[in-house]
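Please keep the 3D view open as you go through the points.

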Amino acid sequence: MDYTPALMGTLQKLPLFQDLSPSQLKLLFKLCSQESYPVDEVLCRAGGDSDRMFILLAGSVEVRTDTGKILVRETAVTTIGEAGMLTGEQRSASVVAVVPVTTLAIQRRPLMRLMQQDANLAIQLYRNVLLEVRQKMIAVDRRIEEMV
């Protein structure tokens with residue numbers, strides 16, 4: 001996949017990559033591999049290693065518990081698996097393609113090496129993940145409040 005200005009603009013709009021410089025985005029893009037998944041293909045399984053994250057470029061996926069309960073449906077363009085990949089914890093859910101999916105995958109080890117070389121990049125990525133997790137927690141709190 002070519003690194004085009006349109007793709008750079010798309011990546012910059014994703015919460016995970018906000019406030020990264022164009023040069024930092026280019027370094028991240030060099031770590032990416034394009035992957036495609038047909039309907040019902042599992043991108044990652046609950047309990048598995050968080051060895052990579054995905055940038056969902058096209059399609060939709062369901063995030064499911066290990067018992068198969070659907071937690072949420074994600075549609076392109078978004079990121080999946082970034083928190084677990086950065087923490088190294090096992091996957092907390094499975095991700096399954098519900099239509100054909102195209103992703104960019106970033107492997108954990110190369111990303112960790114890049115973050116060791118660029119402390120500002122590491123700080124910004126961790127900050128952005130923390131902000132995303134916070135927003136998800138606020139949304140869950142609101143749903144719980146509505147149920148009570």
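1. A word on burial comes first: a residue counts as buried when its relative accessible area is under 20%, as exposed when that area is over 50%, and as partly exposed in between. Keep in mind, too, that this is a predicted model.

2. With that cut-off in hand, look at Glu 35. Its relative accessibility is 16%, so Glu 35 counts as buried. Its partner in a salt bridge is Arg 52, and the closest N and O atoms of the two are 2.8 Å apart. Is Arg 52 buried or exposed? At 18% relative accessibility, Arg 52 counts as buried.

3. How many salt bridges does the structure hold? There are two.

4. Now for the aromatic rings. In general, such a pair is described by the distance of the centres and the angle of the planes. The count here comes to one aromatic pair. The ring centres of Tyr 37 and Phe 54 lie 6.2 Å apart and the planes meet at 80°; because planes over 60 degrees apart count as edge-to-face, that is how this pair is classed. Tyr 37 belongs to strand 1 (residues 32–37) and Phe 54 to strand 3 (residues 52–58), so the pair links distant parts of the chain, 17 residues apart. Both Tyr 37 and Phe 54 are buried.

5. Finally, turn to the largest pocket, which holds about 930 Å³ of space. Its lining is made up of 30 residues, and those nearest its centre are Val 63, Val 72, Gly 81, Ser 92 and Lys 136. Which element supplies the largest share of the lining? Helix 5 does, with eight residues. Elements that each give at least two residues to the lining are strand 5 (70–75), strand 6 (78–80), helix 3 (82–87) and helix 5 (119–147).

6. The lining of the largest pocket can also be sorted by residue type: 15 of its residues are nonpolar, eight are polar and seven are charged.

Notes. Residues numbered from 1 in each chain as written. Predicted model: local features only at pLDDT ≥ 70, side-chain atom pairs only at ≥ 80, totals over all residues. Heavy atoms only, no water. Phe/Tyr/Trp six-rings, centres within 6.5 Å; stacked < 30°, edge-to-face > 60°. Helix = DSSP H or I, 4+ residues; strand = E, 2+ residues; numbered from the N terminus. Buried < 20%, exposed > 50% of the residue type's maximum accessible area, 1.4 Å probe, protein only. 1 Å grid on protein atoms, 1.4 Å probe; cavity = no way out; pocket = protein on both sides within 12 Å on 5 of 7 lines; lining within 4 Å. Points joined across faces, edges and corners; volume = space filled by probe spheres on them. Nonpolar A, V, L, I, M, F, W, Y, C, P; charged D, E, K, R; others polar. Salt bridge = Lys/Arg side-chain N within 4 Å of Asp/Glu carboxyl O.
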